[in-house]
Amino acid sequence: MAKNMIQELKDVQQLKSRRRNIFLIFLCLLIGMIAGGIVVLYTVLLEKSSHLRNSFFEEITPLRMITGLAVFILLGLAVQFMLEKYPLIGGSGIPQVSGLLQKKIKFNWFPELITKFFGGVLAIGTGMSMGREGPSIHLGALVGEGIKKIFRMSEVEEKYLVTCGASAGISAAFNAPLAGTVFALEELHKFFSPLLLICVLVASGSANYVLRLILGSETTFQYNFIQPKTTSPIFTLIITVVFALVITISGKAFSFFLVYFQKKYKNIKMNKYLRISVFMVIPFLIAVFFKDVTGGGHQLIVRMFKENSALKILFLILFIKFFYTMLCYGTGFPGGIFFPMLVIGALIGKIYGEILYTYFSVSPEFIVHFMLLGMAAYFTAVVRAPITGIILILEMTGNFSYLFMLIIVVTMTYVLTELFKMEPIYEILFENMFAGKKLKTDNPEEEDRIVTLLIHVGINSEFENKKIKELDLPKTLLIVSVRANGKETIPDGETVLKSGNQLVIMTTYRTASEYASKLKDDAAKIV
């Protein structure tokens, strides 16, 4: 064990080597390019499958109905088989990435990369209401893990590589390099260092370059967005506050029903393959009769920007899209909730704008206005990542004139989520994923392997202004270093922790899997 601890200390010190840092940045560039290429191919295949599905059902005949249903069931069985072999490919993949960073799971990177890729293509290709963005983050993280294994990088550097891969994934999925960078820092790490920031920027930017090289530089939404003009700022403020309240309540419903349907599906007493065969009838019928709500929903938002629809139709589309997303995600198939969330937020904004236009005679420009605000606000309400929500919508629209209004509505929504004591959906999914599960490894000695944790002390957190001896840590958790203002010191029990400190902690893999999440939360939780 002493030998392992010495090696871990050497790995920690390597991050202070300039030559090593340059090599790490180079690897992040490589990860961004590879992950970008994979996500672009993933996107292209999903678009091709969507066109193929829609064209197949343009003419409905009895033979096509029977053939289509048989194909849907076979595809469902194929994805279920992949899930049986590699359970970690299920869902969006973001909780899995968090689990890796917190030492709770280990990736089997190559087979999981292949099955996540093709499993997502098959599942979303059938029209399931799931997005490609979460899986893109997972695919990028798997690339980062693969590079770590190939180049035999240390456990300390693994976090950098995996985070950069996740950032590259979201950058290539949304054509939003800044949002990819911020999401990796805001959602996955919840802090940043100069080295981590430059690594993530390099990976995100290189992935975006690959995307633009292959698919072009067009923004996700091509529309002439114009802010509505009004002579009453007070009226605008009132309707915006009401809108933030509506979004927050519906966001709470999204989180509740997502977990509810996930549990209900798992509790169905039926063979897994028979269960998915029966379930695939639903995506088949939706693909035939309600194709607008299939897939992530990008084309639906584009249509809603340009077309006028009756309120009854909009409510129906919102209802079907909402609960169809719950049903699809409940299966555990590879696919995310990222874009469906944006679609639901845009639909709520569309309905809200239409009601104001119809019954309160406001300008019709408010319809698109609230669609944009709805996407950012809904993302904030569900994910609790406000900065990512703002930057994401700005990059997707290419219209930075909305910055002020986005800040206003996102801030309102975030405050309301605090008042309603809402938890981030990915943290809920993360906790559910590992609830009641114990660490499993192929080698029992793996549990006693020495690993390193890097914990950031947040402002007004439970760790701030406390002595190390007051933290009540397990004996197997050893704080070997405290970093502050570019300097590193060896602490003792009397050392007082301050906000901005980084704690280098050494422990066993078993202890890390059990306590890493709690340490991270306590060091960031505001008291």
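These numbered points go through a helix, a serine and the cysteines of a predicted model.

1. Helix α12 spans residues 281–289. Its buried residues are Pro283, Phe284, Ile286, Ala287 and Val288. The cover over these buried residues includes α2 (18–56) and α3 (62–85). Also included in that cover are α11 (272–279) and α14 (311–330).

2. Serine 129 lies in a loop, with α5 (109–125) on one side and α6 (133–150) on the other. Its relative accessible area is 0%. Serine 129 therefore counts as buried, because buried means under 20% relative accessible area.

3. What does serine 129 touch, leaving out residues up to four places away in sequence? The list is Val293, Gly295, Lys321, Tyr324, Thr325, Cys328 and Pro340. With one of them, threonine 325, serine 129 also makes a polar contact between side chains, at 2.7 Å.

4. The number of disulfides in the structure is 0. Cysteine 164 is in none; its nearest cysteine sulfur belongs to cysteine 28 and is 3.3 Å away. Cysteine 164 is buried, because its relative accessibility is 0%.

5. Cysteine 199 is in no disulfide either. For cysteine 199, the nearest cysteine sulfur is that of cysteine 28, at 3.7 Å. Is cysteine 199 buried or exposed? Its relative accessibility is 0%, so cysteine 199 is buried.

How values were computed. Residues are numbered from 1 along each chain as its sequence is written. This is a predicted model: local features need pLDDT of at least 70, side-chain atom pairs count only at pLDDT 80 or more; totals for chains, interfaces and linings use all residues. Side-chain values use heavy atoms; hydrogens and water are left out. Buried means under 20% relative accessible area, exposed over 50%, partly exposed in between (1.4 Å probe, protein chains only). Helices (H or I, at least four residues) and strands (E, at least two) are DSSP runs, numbered from the N terminus. Contact means heavy atoms within 4.5 Å. A polar contact is a pair of N or O atoms within 3.5 Å; within protein, one must be able to donate a hydrogen and the other to accept it, and residues adjacent in sequence count only if both atoms are side-chain atoms. A disulfide is a pair of cysteine sulfur atoms within 2.5 Å.
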